[in-house]
There are 2 protein chains.
Amino acid sequence: MSVLVMKFGGTSVGTTDRIKRAAKRVGREVANGHDVIVIVSAMSGKTNELVGWVDETSPLYDAREYDAVVSSGENVTAGLMALTLQEMDIPARSWQGWQVPLKTNGAHGAARIESIPTANLDARFADGMKVAVVAGFQGISPEGRITTLGRGGSDTTAVAFAAAFGAMRCDIYTDVDGVYTTDPRITSKARKLDRIAFEEMLELASLGAKVLQTRSVELAMRYKVKLRVLSSFDEYDETAGTLVCGEDEIMENNVVAGVAYSRDEAKMTLISVADRPGIAAAIFGPLAEAGVNVDMIVQNISEEGRTDMTFSCPVDQVKRAAKAMEDAKQRGEINYHDLVADTEVSKVSVVGIGMRSHAGVAARMFKALRDENVNIKVITTSEIKISVLIDRKYMELAVQALHDAFELEKAR
Amino acid sequence: MSVLVMKFGGTSVGTTDRIKRAAKRVGREVANGHDVIVIVSAMSGKTNELVGWVDETSPLYDAREYDAVVSSGENVTAGLMALTLQEMDIPARSWQGWQVPLKTNGAHGAARIESIPTANLDARFADGMKVAVVAGFQGISPEGRITTLGRGGSDTTAVAFAAAFGAMRCDIYTDVDGVYTTDPRITSKARKLDRIAFEEMLELASLGAKVLQTRSVELAMRYKVKLRVLSSFDEYDETAGTLVCGEDEIMENNVVAGVAYSRDEAKMTLISVADRPGIAAAIFGPLAEAGVNVDMIVQNISEEGRTDMTFSCPVDQVKRAAKAMEDAKQRGEINYHDLVADTEVSKVSVVGIGMRSHAGVAARMFKALRDENVNIKVITTSEIKISVLIDRKYMELAVQALHDAFELEKAR
């Protein structure tokens, strides 16, 4: 018997009527002969209500109690979904994290999954249960306390179940209909991708963040879980959504899969830093401690024994970064002439596993930007991605130009 | 270390501010040197919201899933109460039913408590925990599914914990300030009782239903748990509320503790029933099967070989009772001349453990009613209670007259 995992997000189960609509999709898969594990989020708005009460109660809350309170939203949906399926004469049963049990470490609020023993659910499946409805986002710690998995926890739950049960696929139902070549709000030529490789999905995080949490994609990649992202509001179709899969399952590749962007970036340059071994650690250590998410890093030689160090970070972390540098200078750990911040930049990236086997992608990218008179401030590359920092006012233009240059409107 | 159990109902924990007020009462008991077990209900309105969703989903719901959904309300309050106590620097921890574990049978929706192992909480108390906040109304079945205890479940949870932990007392905080000699809406002379015996409390169910569920009083009586009922809205006072306790702890007794009433009763008489062995079973068997709550029963001999059988039941069950009798007659199981229903009667009762040792209570009662020209239609007695059926229009008058006759306005 092949197991299918289906995950429904908060908006997909936001009312009892929406739960019924989701249950119909589950029913179709049961009719197709699958045993189904359904992972549910809390009804939309419910988690916020619970978090609001916790905030009213205790601003610096104990994460163990936060988890005990907040996990209850998913339990409600799980029970209601099981009842809805039973109304459709489908043998279904709800499972809370501790009942499965989904075992995690003790990092409350951001717990990591350690194991999902399959015995309990397998026994019930063997006994005639067709659907196990599992409350997402939660598990149980070694101390027997309820844990939650943090941001994207329900997606991660779904992938972890798919891995543990060797599921044929993990379908993530959400409020968008798949992964696009770029943001459709920036160019109407943006096209839904039928398939995308795990590595590409990870690099397209800025596009994909609203679709799939990075953590769940990493897990799917590690355990080779086929992930499908699709809308719970569209009519059903075998080819609906986007399949996130191993690159060996993607037959024809465009060189580039998509164009990603990150609007609110800042470029910071430490001018005339003493160039000595360990200087990078002396700079980026304090930044990390201050919670600054440093992204791109470029080092230029400026004069004998001195260098300029440039890095990018989110625009709202500029003050924090500047203070961390100033403090390090006061402590005598680093020495620099000036700190220059450019807070009017954006990052634009092209991503594609095809880059590994195709030369000239960078040249094509730079030419497209030059043709639009877009000046490039910083460049970084990885094996399957090229990113540039540019003035923010050109961001949309750059995304459109690159989408055209790599002909992403054409089917892959 | 003496353990104290404190239970807060839904209105007492209806908002985060009310939870803070309740937590202050808990804090005072901790300062008094007690380890405290707090039992909480769901925030008022929350259980109804959850039940509403279940009803929308599945009119004939699976009780296992109903329990999984509905129990989540208490879990939320337990976490919020633990957080509130922690904010007051009191070491507190929340416990859901399965974590304690509170073990029940598998009768979902109306489960019976089977045992409460104390090891887990004892270990935490020994470790420095001062307050265990337990989600009321819920437990875990032998199959590892969540169960709920049904009506009055949180009171029952509180008493069961008090019994299991040998608590010095079980304080039930609610929205009334104690048990009264009678309903204060009927006579302003009604007086709050400082103490009442378990047996009296059970007999005063019609007064006490809003205060304490019968089931929790029965449990308290069996395990000799001292129960105190008090208002969570009044200022604190050592003598607040009413203590429900063993009769040996009540030093001075009025003969009568209180006057109870049940307004909407009906008196039904089967005229001229064939009087033979087994006739009572032939009548009351079908009534029980039809779900009629028969209360008082009187049998009069009317003529040779025939009898009149009179019983009382709630007025809204008259049609059901009449149909059950008609059906039994059709089946030839009973034979009667006529069925006469008087739907304009009420029951008034005087209750007191002092009746055991004092004669003349009935005479005093009947005299008081006669002095007001109240005609008595049916009389029944138990060891500590005398009940009469009277015309409904005299009900308030009768309650006032009896309250005066037994001088209940005076302290016991």
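**A covered strand and its surroundings**

Author: Strand β6 of chain B, residues 131-135, is mostly covered, with 5 of its 5 residues buried. The model is a predicted one. In a regular strand the side chains alternate between the two faces of the sheet. Here both faces of β6(B) are covered: Val131(B), Val133(B) and Ala135(B) are buried on one side, and Ala132(B) and Val134(B) are buried on the other.

Next come the strands beside it. Strand β2 of chain B, residues 35-40, runs parallel to β6(B) and is joined to it by 5 bridges. In this pairing Ile37(B) stands opposite Ala132(B). Strand β3 of chain B, residues 92-95, also runs parallel to β6(B), and 4 bridges join the two. There Trp95(B) stands opposite Val134(B).

The contact takes 42 residues from chain B and 42 residues from chain A. The size of an interface is often given as the accessible area lost when the parts come together. For chain B and chain A, about 3500 Å² is buried between them, 55% of it on carbon and sulfur atoms. The two chains have 20 residue pairs in polar contact, counting pairs with both residues at pLDDT 80 or more. On the side of chain B that touches chain A, at least two residues each come from α1 (16-31), α2 (46-57), α3 (63-70), α4 (72-87) and β3 of chain B. Helix α4(B) gives the largest share of that side, 9 residues. By type, the residues on that side of chain B divide into 19 nonpolar, 11 polar and 12 charged.

Charged pairs deserve a separate look. Side chains of opposite charge can pair when their charged atoms come close. One salt bridge joins the side chains of Glu49(B) and Lys46(A), at 3.3 Å from N to O. Another is formed by Arg93(A) and Glu65(B), whose closest N and O atoms are 2.7 Å apart. That pair crosses between chains, from strand β3 of chain A, residues 92-95, to helix α3 of chain B. Arg93(A) counts as buried because its relative accessibility is 7%, and Glu65(B) counts as buried because its value is 0%. Arg93(B), for its part, is linked with Asp62(A), Arg64(A), Glu65(A) and Arg145(A) in a network of salt bridges.

In chain A, the side chains of Asp404(A) and Lys189(A) meet at 2.9 Å, N to O. Asp404(A) lies in helix α13 (residues 395-405) and Lys189(A) in the loop between β9 and β10 of chain A, so the pair ties together parts that are 215 residues apart in sequence. Asp404(A) is partly exposed, with a relative accessible area of 37%, and Lys189(A) counts as partly exposed at 40%. In chain B, Asp371(B) and Lys367(B) form a salt bridge at 3.0 Å, N to O. These two are separated by about one helical turn, because they are 4 residues apart in helix α12 (residues 361-371) of chain B. Asp371(B) counts as partly exposed at 45% relative accessibility, and Lys367(B) is partly exposed at 46%.

Conventions
Residues numbered from 1 in each chain as written. Chains lettered and ligands numbered in written order. Predicted model: local features only at pLDDT ≥ 70, side-chain atom pairs only at ≥ 80, totals over all residues. Heavy atoms only, no water. Buried < 20%, exposed > 50% of the residue type's maximum accessible area, 1.4 Å probe, protein only. Pairing = 2+ DSSP bridges. Contact = heavy atoms within 4.5 Å. Buried area = accessible area lost by both parts, 1.4 Å probe. Salt bridge = Lys/Arg side-chain N within 4 Å of Asp/Glu carboxyl O. Polar contact = N/O pair within 3.5 Å; in protein donor to acceptor, adjacent residues only side chain to side chain. Nonpolar A, V, L, I, M, F, W, Y, C, P; charged D, E, K, R; others polar.
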